[in-house]
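Subject: Structure handover

Hello,

Here is the structure I promised to pass on. My notes on it follow below.

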Amino acid sequence: MNDCDVRIARVEGEHVWHVHDDTNEFFLVLDGDLHISLRESEGERTVLLSRGSVFTVPRGTEHKPYAPNGAALLMVEPTGTPTVGDRHDEIPGHVDATTGHALST
């Protein structure tokens, strides 16, 4: 959609700290609870998003999403945005570092 990917993901556990230098990242929680820790100039904080909540991580903000009990998400990002941001040398095995998967019919 307009050079953006609309992604649906089922997540559980912790992701990695990462940053998207040139794009905001939009989250809509479809089910469950999502925590997003943020490292901002004022310090570190965590937002808790429950079903129906939306949140946009501003470009350039280091963040780490996690869902201890699992969550289903809708995300909107420019096409080709990697799930681990722009500055990662090492990606843990439990993290899918692709730019998305096509839906099967």
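Start with glutamate 62: at 29% relative accessibility it counts as partly exposed, because that label covers values between buried (under 20% relative accessible area) and exposed (over 50%), with a 1.4 Å probe and protein chains only. Before you go further, note that this is a predicted model, where local features need pLDDT of at least 70, side-chain atom pairs count only at pLDDT 80 or more, and totals for chains, interfaces and linings use all residues. Residues are numbered from 1 along each chain as its sequence is written, and side-chain values use heavy atoms, with hydrogens and water left out.

**Arginine 39 and its partners**

The side chain of glutamate 62 meets that of arginine 39 in a salt bridge, 3.2 Å from N to O. The pair links distant parts of the chain: glutamate 62 is in strand 6 and arginine 39 in strand 3, 23 residues apart. Strands here are DSSP runs (E, at least two residues), numbered from the N terminus. A salt bridge needs a side-chain nitrogen of Lys or Arg within 4 Å of a carboxyl oxygen of Asp or Glu.

Arginine 39 also forms a salt bridge with glutamate 44, with the closest N and O atoms 3.3 Å apart. Arginine 39 is partly exposed, at 36% relative accessibility. Glutamate 44 is exposed, at 54%.

The charged end of arginine 39 sits over the ring of tryptophan 17, 3.7 Å from its centre. For that, CZ of Arg or NZ of Lys must be within 6 Å of the ring centre and within 35 degrees of the ring normal. Lysine 64 lies over the face of tyrosine 66 too, at 5.6 Å from the ring centre.

**Strand 6**

Strand 6 spans residues 62–78, and twelve of its 17 residues are buried. What does strand 6 pair with? Strand 1 (residues 4–14) pairs with strand 6 in the antiparallel sense over ten bridges. Two strands pair if DSSP finds at least two bridges between them. Strand 2 (residues 25–32) runs antiparallel to strand 6, joined by six bridges. Strand 3 (residues 34–40) is antiparallel to strand 6 as well, with five bridges.

Some bridge partners in strand 6: glutamate 77 for aspartate 5, leucine 73 for valine 29, and glutamate 62 for arginine 39.

**A buried pair**

Aspartate 5 and arginine 7 are both buried. They form a salt bridge, the closest N and O atoms being 3.7 Å apart. Asp5, Arg7 and Glu77 are linked in a network of salt bridges. The whole structure has six salt bridges.

Best wishes

Technical notes: Helix = DSSP H or I, 4+ residues; strand = E, 2+ residues; numbered from the N terminus.
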